Amino acid sequence: MNDLVDPRARNFYVRTMQALTAAEVPFMVGGAYAFARYTGIERHTKDLDIFVLPEDAERTLAVLAAEGYTCDMTFPHWLGKAHCGEDFVDVIFSSGNAVARVDARWFDHARRDLVLDQDVLLVPPEEMVWSKAFIMERERFDGADVAHVLRACADELDWSRLVRRFGDHFRVLLSHLILFGFIYPGEQSKIPGPVMLHLLDRLRRDTYAQKSVCKGTLLSRQQYLTDIDCWELADARLEERWMSREDIAHWTAAIDKHGR
């Protein structure tokens, strides 16, 4: 991806990775760089996604601030940013819905590679699928990314670990696997049969929730607000203690500001 990166941005990203390495802050690179490594699909990006443990988020921003960058904890439940002119680095330690929280297992299964000639860890493909599978906004749906990662990495994925990552939200994974068979009808065999049988059996045996709850808020921060505000369904983010009311209010208030 070197040819797709502006030289000024490239210097910023390299300095960021070098500073964190020197400060011994554990980090992984995700986003477009990891996606390109796993799928071969390269696309221009205006930022670098750095993934860290939640307990290292503040320290990460402090290291980058010491390098002269403008830093802020944009969303305290999952995201900070470091700015250098028009370029920026996302410091990610969870996800917008707080489901895909970074933990030690991300690092245990991370893969080492070169990014902009820097020897770093990449976010594991299982965690990439897990976090992207829940992004179903009106203006952004990461289902194609999920399908591309599955197509490229199916043979080497730790499928048992991937299923465990989704846990009780196995329907989200199952929906993407069903779509994979629709997108690639001649390559459905890439998805292991036992995995599909396991998930379908769970679906068959799954009992209906007794409480009126909307889990759509785990997929989109905007499109299910009517369900919560007007129809008075319980917000899964609160019911499952993924986020506090303050986190949700802050995340929702930013919709207009960020155009989504």
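**View 1. The buried residues of helix H7.** In H7, the residues that count as buried are Trp159, Arg161, Leu162, Val163, Arg165 and Phe166; buried here means under 20% relative accessible area, exposed means over 50%, and partly exposed is what falls in between (1.4 Å probe, protein chains only). This is a predicted model, so local features need pLDDT of at least 70 and side-chain atom pairs count only at pLDDT 80 or more, while totals for chains, interfaces and linings use all residues. Residues are numbered from 1 along each chain as its sequence is written, and side-chain values use heavy atoms, with hydrogens and water left out. H7 runs over residues 159–166 and is mostly covered, with 6 of its 8 residues buried. Helices (H or I, at least four residues) and strands (E, at least two) are DSSP runs, numbered from the N terminus. The cover over the buried residues of H7 includes helix H4 (104–108), H5, H6, helix H8 (170–183) and helix H9 (193–205).

**View 2. Helix H7 against helix H8.** Two packed helices are described by the angle between their axes and the distance between the axes. For H7 and H8, the axes come within 7 Å and cross at roughly 130 degrees. That makes H7 oblique to H8. For these labels, angles under 35 degrees count as roughly parallel, over 145 as roughly antiparallel, 65 to 115 as roughly perpendicular and the rest as oblique. Axes are lines fitted to C-alpha atoms, for helices over the stretch in contact, and the angles run from 0 to 180 degrees between N-to-C directions. On the H7 side you'll find Trp159, Leu162, Val163 and Phe166, which meet Phe170, Val172, Leu173 and Leu177 of H8; contact means heavy atoms within 4.5 Å. Sorted by type, the residues of this H7–H8 contact come out as 8 nonpolar, no polar and no charged. Nonpolar covers Ala, Val, Leu, Ile, Met, Phe, Trp, Tyr, Cys and Pro, charged covers Asp, Glu, Lys and Arg, and the others, Gly among them, count as polar.

**View 3. Helix H5 alongside helix H6.** H5 (residues 125–132) packs on H6 (residues 143–153) at an angle of about 155 degrees, and their axes are 9 Å apart. The two helices are therefore roughly antiparallel to each other. Pro125, Met128, Val129 and Lys132 of H5 make the contact with Asp145, Val146, Val149, Leu150 and Cys153 of H6. By type, the residues of this H5–H6 contact divide into 7 nonpolar, no polar and 2 charged.

**View 4. Helix H5 and its residue Val129.** H5 is mostly covered, with 8 of its 8 residues buried. The buried residues of H5 pack against H2, H4, strand S6 (111–115), H6 and H7. Zoom in on Val129, which lies in H5: with a relative accessible area of 1%, Val129 is buried. Leaving aside neighbours within four places in sequence, Val129 is in contact with Val146, Val149, Leu150, Leu162 and Phe166.

**View 5. Thr39 in helix H2.** Thr39 sits in H2, which spans residues 31–39. A polar atom of the Thr39 side chain lies 2.7 Å from the backbone oxygen of Phe35. The backbone nitrogen of Ile41 lies 3.1 Å from a polar atom of the Thr39 side chain. Once neighbours within four places in sequence are set aside, Thr39 is in contact with His148, Val149 and Ala152.

View 6. Most residues other than glycine have a negative phi. Leu116 has a positive phi of about 50 degrees although it is not a glycine, and its place is the loop between S6 and strand S7 (118–122). At 3% relative accessibility, Leu116 counts as buried. Arg241, also not a glycine, has a positive phi of about 60 degrees. Look for Arg241 in the loop between helix H11 (236–239) and helix H12 (245–258). At 76% relative accessibility, Arg241 counts as exposed.

**View 7. Leu219 in its loop.** Leu219 is in the loop that links strand S8 (213–214) and helix H10 (225–229). With 18% relative accessibility, Leu219 counts as buried. Neighbours within four places in sequence aside, Leu219 is in contact with Phe134, Ile135, Met136, Glu137 and Val172. Leu219 and Gly96 are 123 residues apart along the chain, and their C-alpha atoms are separated by 9.4 Å.

Key:
A polar contact is a pair of N or O atoms within 3.5 Å; within protein, one must be able to donate a hydrogen and the other to accept it, and residues adjacent in sequence count only if both atoms are side-chain atoms.
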